[in-house]
Amino acid sequence: MIPLMNVKEQFASIQSEILKAMKEVTESGSYILGPKVDELEKNIAQKLGVSSAVAVGNGTDALILTLEAYGIGKGDEVITSPFTFFASGEAISRVGAIPVFADVNPDTYTLCPDKIKAKLTKRTKAIIPVHLFGQCADMLAINELANKHNLLVIEDACQAFGAKQGGKPAGSLGDAGCFSFFPTKNLGTLGDGGIITTSDPLLAEKLRSLRVHGSNKKYFHQEIGYNSRLDELHAAVLLICLKNIDNWNLKRTKIAEIYDLMLKTIPSIKAPHAAQNNHHVYHLYCIQSNKRDLIAKLLQQNAIQSGIYYPCCLHLQQAYTHLGHQKGDFPVAERLSETLLAIPLHPFMLKEDHLKIVNVFLNNKEVFSC
Ligand SMILES: *Cc1c(COP(=O)(O)O)cnc(C)c1O
């Protein structure tokens, strides 16, 4: 079976370095929020051109702690996309605020600025644009709207390490950027991890307190916090991955380019659309077709894995029944949940596997087009 993604190969390619780093950490006596985490935070902040990065336990916590640090909670509304991983909405609910969804752009699948306008109320405090599948949301328009209405912009950049807009990196485009180091993300570790990037020193300071039980002096607690920290072992692994991320992302874009060319010859299947000014890093390569299920079956028959991201929009999730949404509320997002299919793309994809997938598509054009 040709896998959709293959993190095993990725970590195998740097295994000797990882083992060396693990030995070093084992012998260091420092295991949580130590020198490796410091180094990772500095390197990421520098790479993204922001003043601070604060490492936490995972990407969901990155969102939760940022919302909490900005004092967003009960009675507040936060606008986000209904077409994303559940955590984007869950974080808003977790701090007691209300997730307000606005539909997405039918080409980029990211939060649509015009749809946000209709959702603004006196209680709106922030916008969480999601840089879905490795491409930035329309930050120019979203920031403009946020400035006009005095709102915070928190980027959910969990799928977009290395993505850029107008030459500026994801995570440096809003008030804060939240990343996940879940193993399958573009920049991932051998477990859970996350980081918040920001050029707001007060936010960074608050986050550093919140992640360790609301404390900035050991055993003295000025607020109720969380336990959400990054381990030295994960930071050590991530420092190695960080050296490779540009190359890995480049490999992703090269594979995507060939898929794009292939799909130009199959008009009934829509390729991912990278908006002008956007550098897409293809966390996932999702094709769009009315024959999604048929394509998945055909790929399966040819021992090619595919995946559905996401089969259920946030507003239709059981957990959000209380918000009172119904089918039809966000037609663009809903259609995407019925027509998108991710096909294999990862930096360690074999040339022969890539070629096989391309040929399965090219040899079955008539199946897709009726
Ligand atoms: C993965 C992901 C998250 C959550 O990250 P975790 O590290 O799994 O908590 C949040 N938002 C998006 C868009 C994601 O893809």
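**The ligand site and its surroundings in a predicted model**

A polar backbone atom of Gly59 lies 2.8 Å from an oxygen atom of the ligand; a polar contact is a pair of N or O atoms within 3.5 Å, where, within protein, one must be able to donate a hydrogen and the other to accept it, and residues adjacent in sequence count only if both atoms are side-chain atoms. The model is predicted, with local features needing pLDDT of at least 70 and side-chain atom pairs counting only at pLDDT 80 or more, while totals for chains, interfaces and linings use all residues. Residues are numbered from 1 along each chain as its sequence is written, and side-chain values use heavy atoms, with hydrogens and water left out.

An N or O atom in the side chain of Thr60 is 2.5 Å from an oxygen atom of the ligand, and an N or O atom in the side chain of Asp156 is 2.8 Å from a ligand nitrogen. On its own the ligand has 380 Å² of accessible area, of which the protein covers 93%; accessible areas come from the Shrake-Rupley method with a 1.4 Å probe, and for residues only the protein chains shown count as cover. Helix 4 (59-69) and helix 5 (87-94) are the elements that give two or more residues to the shell around the ligand. Helices (H or I, at least four residues) and strands (E, at least two) are DSSP runs, numbered from the N terminus.

The ligand is surrounded by 13 residues, and the closest are Gly59, Thr60, Asp156, Ser180 and Lys185; a residue counts as near if one of its heavy atoms lies within 4 Å. Four residues of this shell are nonpolar, seven polar and two charged. Here Ala, Val, Leu, Ile, Met, Phe, Trp, Tyr, Cys and Pro count as nonpolar, Asp, Glu, Lys and Arg as charged, and the others, Gly among them, as polar.

Within helix 8 (residues 201-210), the buried residues are Leu203, Ala204, Leu207, Ser209 and Leu210; buried means under 20% relative accessible area, exposed over 50%, and partly exposed in between, with a 1.4 Å probe and protein chains only. The cover over these residues includes strand 1 (52-56), helix 4, strand 8, strand 9 (194-198) and strand 10 (215-217), where contact means heavy atoms within 4.5 Å. At the start of helix 8, the backbone nitrogen of Leu202 has a side-chain oxygen of Asp200 within 3.0 Å.

Ser172 counts as buried because its relative accessibility is 13%. Its side chain reaches the backbone oxygen of Pro169 at 2.6 Å. Not counting residues up to four places away in sequence, Ser172 touches Leu48, Val50 and Glu155.

Helix 10 (residues 292-301) has Arg292, Ile295, Ala296, Leu298 and Leu299 as its buried residues. Seen down the helix axis, these fall within an arc of 165 degrees, so they line one face of helix 10; the arc is that of the directions from the helix axis to the C-beta atoms. The face turned away from the buried side carries the exposed residues Asp293, Lys297 and Gln301. An α-helix has 3.6 residues a turn, so residues three or four places apart point the same way. Cover over the buried residues of helix 10 includes strand 13 (285-288), helix 11 (331-339), strand 14 (340-343), helix 12 (351-362) and helix 13 (365-369).

Some backbone angles need a separate word. Most residues other than glycine have a negative phi, and most peptide bonds are trans. Just after helix 10, Ala303 takes a positive phi of about 60 degrees. Ala303 lies in the loop between helix 10 and helix 11 and is partly exposed, with a relative accessible area of 27%. Tyr310 is also placed in the loop between helix 10 and helix 11, and a cis peptide bond with omega of about -5 degrees joins Tyr309 and Tyr310.

Asn277, in the loop between helix 9 and strand 12, has a positive phi near 80 degrees. Asn277 counts as exposed, at 60% relative accessibility. His273 is found in the loop between helix 9 (232-264) and strand 12 (278-279), and at 38% relative accessibility His273 counts as partly exposed. Leaving aside neighbours within four places in sequence, His273 is in contact with Asp107, Thr108 and Gln135.
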